[in-house]
Amino acid sequence: MLIRRFICLAWATSLIPNLDELMSRCREAGYIPASQSAMHEVEEEEREHALGHHSERLAIAFGLLKIGPGVPIRVVKNLRMCEDCHTAIKHISVISNREINVRDRLRFHHFKDGSEQSYCLKTTALYSHSTSLSKIASEGDD
Ligand SMILES: [Zn+2]
């Protein structure tokens, strides 16, 4: 099992070109970055938010580089994941054909084929209905 902690900022910064390329492919697939007002107020990551270089996306970019095809990518984050990352990671799961699991401060999020299911960490019960990219697109058409 490959475990990498994103403590070294300089090291994580070296992954930014990979992440930028990944997000460019997501935009080609229909991803539209959320406005700043739609994002959570996570002080430690404000600067990252301005650039879209959120730690979980850097970790996923690293996972896609280093973890072989077909192996799920698991990320643990000690803050809550913002709404834009939910949308971005749904797209990443499609374009990379990869199962991605992100555990944040409150929930466990499972992404596969553009869909997401969230579970509350305290109860392990299904926290909310699952969402998918096609559902989001149809909601936007209303
Ligand atoms: Zn984010």
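Predicted model: local features only at pLDDT ≥ 70, side-chain atom pairs only at ≥ 80, totals over all residues.
Biologist: In what order do the elements run from the N terminus?
Modeller: The order is α-α-α-α-β-α-β-β-β-β-α.

Biologist: Now the sheet. What is the order of its strands?
Modeller: The order is 1-2-3-4-5, in an open sheet with mixed pairing. Two strands pair if DSSP finds at least two bridges between them.

Biologist: Which strands are at the edges?
Modeller: Strand 1 (73-76) and strand 5 (131-132), each of which pairs on one side only.

Biologist: Do strand 1 and strand 2 pair in the parallel or the antiparallel sense?
Modeller: Parallel, over 4 bridges. Val75 stands opposite Val102 in strand 2.

Biologist: And how many bridges do strand 3 and strand 4 have?
Modeller: Strand 3 (residues 107-112) and strand 4 pair over 6 bridges, in the antiparallel sense. His109 faces Ser118 of strand 4 there, standing opposite to that residue. The two strands form a hairpin with 2 residues between them. Asp113 in that turn has a positive phi of about 50°.

Biologist: What joins strand 4 to strand 5?
Modeller: Strand 4 (residues 115-120) is joined to strand 5 by 2 bridges, and the two run antiparallel. Ser115 stands opposite Ser132, and Glu116 stands opposite Thr131.

Biologist: Which helix packs on the sheet, touching strand 1 and strand 2?
Modeller: Helix 4 (residues 55-66). Its direction makes about 150° with that of strand 1. Axes are lines fitted to C-alpha atoms, for helices over the stretch in contact, and angles run from 0 to 180 degrees between N-to-C directions. Two residues are in contact if their C-beta atoms, placed from the backbone, lie within 7 Å.

Biologist: Helices next. At what angle do helix 2 and helix 4 cross?
Modeller: Roughly 90°, with the axes of helix 2 (residues 16-28) and helix 4 coming within 9 Å. The two are therefore roughly perpendicular. Angles under 35 degrees count as roughly parallel, over 145 as roughly antiparallel, 65 to 115 as roughly perpendicular and the rest as oblique.

Biologist: Which residues make that contact?
Modeller: Helix 2 uses Asn18, Leu19 and Leu22. Helix 4 uses Arg57, Leu58, Ala61 and Leu65. They divide into 5 nonpolar, 1 polar and 1 charged. Ala, Val, Leu, Ile, Met, Phe, Trp, Tyr, Cys and Pro count as nonpolar, Asp, Glu, Lys and Arg as charged, and the others, Gly among them, as polar.

Biologist: And where do helix 2 and helix 5 make contact?
Modeller: Their axes come within 9 Å and cross at roughly 90°. That makes helix 2 roughly perpendicular to helix 5. Leu22, Met23, Arg25 and Cys26 of helix 2 meet Ala88, His91, Ile92 and Ile95 of helix 5.

Biologist: How much of the protein is buried?
Modeller: 25% of its 142 residues. A residue is buried if 20 or more other C-beta atoms lie within 10 Å of its own, exposed if 12 or fewer, and partly exposed in between, with C-beta atoms placed from the backbone.

Biologist: Which residues of the largest nonpolar core touch the most other members?
Modeller: Leu58, Ile60, Ala61, Ala88, Ile89, Ile92 and Ile100, out of 21 residues. A nonpolar core is a set of buried Ala, Val, Leu, Ile, Met, Phe, Trp, Tyr and Cys residues joined through C-beta atoms within 7 Å. Helix 4 gives the most to this core, with 5 residues.

Biologist: What does Ile100 touch?
Modeller: Among others, Ile60, Pro72, Ile89 and Phe111, leaving out residues up to four places away in sequence. Ile100 and Val102 form the covered face of strand 2. Asn101 and Arg103 form the uncovered one.

Biologist: Last one. Is Ser14 buried or exposed?
Modeller: Exposed, because Ser14 has 12 C-beta neighbours inside 10 Å. Ser14 is in the loop between helix 1 (9-13) and helix 2.

Technical notes
Residues numbered from 1 in each chain as written.
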